[in-house]
Amino acid sequence: AEYSQIVSAANNSDIAEFIFSLRNTDPEKDHLQLDNVRIEVDGDGPSEVNSIAELRQGEQGGVYILTSEAILTYQQDYRNQKYIQDNSGAILIDDNNGVITTQYQRYDGITGISGTLGSYNNMLQFVPDSDPGGATSTGNEVTPESMTLDAISEDDQAKLIEVDNVSFTETGDFDAQENYTINTPDGEGVFRTIFSDEDYIG
């Protein structure tokens, strides 16, 4: 007689070992034949999200692809970081491994960015797993949102914003990767010189 069976096994890595154990219960037969064994990898692939706001609501550690276009508002050599934004929000792309090899200009549109959602120092970030390819639009305009310090929240991370009437408590030259106290009519805050390539450093 011939029998068939499908066995499914969940695995959280790309390495798996399968051991087949058979028992012959018929005393008249001295062996069993095992053939037509097929192993298939059934991967779910990245989850599709249609906006940065939806991406930001994802599960950290999850793999996602942003199917809509996002606008590049800033980039720097440090960790190949890029800041992207759409009408729903913004997020930091942290590409320390240099996965994205396409060269973009500020305000280029990028579509199909995929990667893993995570965070570092409470900053939500997207680590890419492939190069999304050439810009899908160029020369876009992103108007900075005018905000007060007390209105800025975690939802505004990586977003291009504008704060008016800012003064600094400290004087002298700016050093990179330092915190400086800023004052506005609406309150006090911290300005961190995280963008080491900018012309206000030194």
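Two strands count as paired if DSSP finds at least two bridges between them. With that in mind, here are some close-up views of this predicted model.

**View 1. Strand 9 meets strand 10.** These two strands pair in the antiparallel sense, over two bridges. Look for F168, which stands opposite I182 in strand 10.

**View 2. The rings of F168 and F174.** Here the ring centres lie 5.2 Å apart and the planes meet at 70 degrees, so this pair is edge-to-face. F168 counts as partly exposed because its relative accessibility is 33%. F174, by contrast, has 18% relative accessibility and so counts as buried.

**View 3. From F174 on to F191.** These two residues form a tilted aromatic pair, with 6.1 Å from centre to centre and 55 degrees between the planes. F174 sits in the loop between strand 9 (167–168) and strand 10 (179–184), while F191 belongs to strand 11 (residues 187–192), so the pair ties together parts that are 17 residues apart in sequence. With a relative accessibility of 27%, F191 counts as partly exposed.

Technical notes. Residues are numbered from 1 along each chain as its sequence is written. This is a predicted model: local features need pLDDT of at least 70, side-chain atom pairs count only at pLDDT 80 or more; totals for chains, interfaces and linings use all residues. Side-chain values use heavy atoms; hydrogens and water are left out. Rings of Phe, Tyr and Trp (its six-membered ring) pair if their centres lie within 6.5 Å; planes under 30 degrees apart count as stacked, over 60 as edge-to-face and the rest as tilted. Buried means under 20% relative accessible area, exposed over 50%, partly exposed in between (1.4 Å probe, protein chains only). Helices (H or I, at least four residues) and strands (E, at least two) are DSSP runs, numbered from the N terminus.
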